Amino acid sequence: MTVTEMWLIFAAAVAVVLLFSLACHKKFSVREIAIIGLMAALSYVAYLFRVPFMGTGSSFHLGNTFTALTALLLDGVSGGLAGAIGLSIADIVAGDPGYAVTTFILKFIIGLVCGAVAHKVLHLHDRDPKTMSKARYLGIVGASAFSGLLVNVFTDPFLGYFRNRFIFGLDPDITTVFAKVASGVTLVNSIFSCVCCVVLFLAIYPALKKAHLLPSQKKENV
């Protein structure tokens, strides 16, 4: 597949995700946009310190930390956009538009899942750590963060297989090996990203909430 075709596919993926985001989220406040931009930048910076794994296209990094963190602080759509924007830009800067296609989709999925579990299932923002055990509250935060990261352990090698096979045109056997490697690397990334996300959330959420720096949580989180 030519570079031009890769760019066209990337543009189509971005358009679909943005239309979905606007349909679900309705509108973004200035504060939300600022937080999404900050988290996207932090995702990008975290990815710069990645450790490539044996030329397979996979790497160890903590970029997904801020995707999950944004979803926990705001909502799933915002988290997904933060990760998708920051980490796909990292791929583009590295000259990999083919990787940017799957990155944009994968990070958006992480955010959506984390947001759905945190706000729809576990109602994270309604929990008061002062009225419940620390272990239970920690478990709720951890489950919220790890939900999307765990899904990524399966979606990353799955979409990666099709990317390597049909966008990059790699041999089926090599593509299968890369998918297996990606699964293991993604699991390690997910565990460390989850730990970092939980630590950061516990550290900054109370302060941000007390200072009224987070958007109102009265609206429905997506």
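Here's a quick briefing on the fold, the core and a handful of residues in this chain.

This is a predicted model: local features need pLDDT of at least 70, side-chain atom pairs count only at pLDDT 80 or more, and totals for chains, interfaces and linings use all residues. Residues are numbered from 1 along each chain as its sequence is written, and side-chain values use heavy atoms, with hydrogens and water left out.

The protein chain has 7 helices and 2 strands, where helices (H or I, at least four residues) and strands (E, at least two) are DSSP runs numbered from the N terminus. Buried residues make up 46% of its 222 residues; buried here means under 20% relative accessible area, exposed means over 50%, and partly exposed is in between (1.4 Å probe, protein chains only).

**Overall build**

- Reading from the N terminus, the elements go α-α-β-β-α-α-α-α-α.
- The radius of gyration of the protein chain is 17 Å, close to the 17 Å that the globule rule gives for 222 residues, so the chain is as compact as a globular protein of that length. That radius is taken over C-alpha atoms, and the globule rule is 2.2 Å times the number of residues to the power 0.38.
- Along the principal axes, the C-alpha atoms fill a box of roughly 55 × 35 × 25 Å.
- Take the contacts between residues at least 6 apart in sequence: 77% of them join residues at least 24 apart. A contact means heavy atoms within 4.5 Å.
- The accessible surface comes to about 10900 Å², and 73% of that belongs to carbon and sulfur atoms. Accessible areas come from the Shrake-Rupley method with a 1.4 Å probe; for residues, only the protein chains shown count as cover.

**The nonpolar core**

- The largest nonpolar core has 38 residues, and L72, L73, L124 and F201 have the most contacts inside it.
- Helices α1 (3–25), α2 (30–48), α3 (64–73), α4 (76–93), α5 (97–121), α6 and α7 each supply at least two residues of this core, with α5 giving the most, at 7 residues.
- A nonpolar core, by the way, is a set of buried Ala, Val, Leu, Ile, Met, Phe, Trp, Tyr and Cys residues joined through side-chain atoms within 4.5 Å.
- Setting aside neighbours within four places in sequence, L124 is in contact with L72, A118, Y137, I140, V141 and F201.

**Helix α3, under cover**

- Helix α3 is mostly covered, with 10 of its 10 residues buried; among them are N64, F66, L69 and L72.
- What covers these buried residues includes α2, α4, α5, α6 and α7.

- C114 sits in helix α5 and counts as buried because its relative accessibility is 0%.
- Not counting residues up to four places away in sequence, C114 touches A68, A71, L72, S144, A145, S147, G148 and L149.
- C114 and L69 are 45 residues apart in sequence and 8.7 Å apart in space, C-alpha to C-alpha.
- N152 is in helix α6 (residues 134–167), and at 1% relative accessibility N152 counts as buried.
- With residues up to four places away in sequence left out, N152 touches N64, L106, K107, I110, P157 and T186.
- V198 lies in helix α7 and counts as buried at 10% relative accessibility.
- Beyond its neighbours within four places in sequence, V198 is in contact with L138, V141, G142 and A145.
- The C-alpha atoms of V198 and G142 are separated by 6.0 Å, with the two residues 56 residues apart along the chain.

**Surface and loop spots**

- L62, L187, V188, I191, F192, V195 and V199 make a nonpolar surface patch of about 580 Å²; V199 is found in helix α7 (residues 172–210).
- Patches are made of residues with over 30% relative accessible area and no salt bridge: like charges are joined within 9 Å, nonpolar side chains (Val, Leu, Ile, Met, Phe, Trp, Tyr) within 5 Å. A salt bridge is a side-chain nitrogen of Lys or Arg within 4 Å of a carboxyl oxygen of Asp or Glu.
- V30 lies in helix α2 and counts as exposed at 71% relative accessibility.
- V30 and P215 are 185 residues apart in sequence, and their C-alpha atoms are 9.4 Å apart in space.
- H123, in the loop between α5 and α6, has a positive phi of about 50 degrees although it is not a glycine.
- At 38% relative accessibility, H123 counts as partly exposed.
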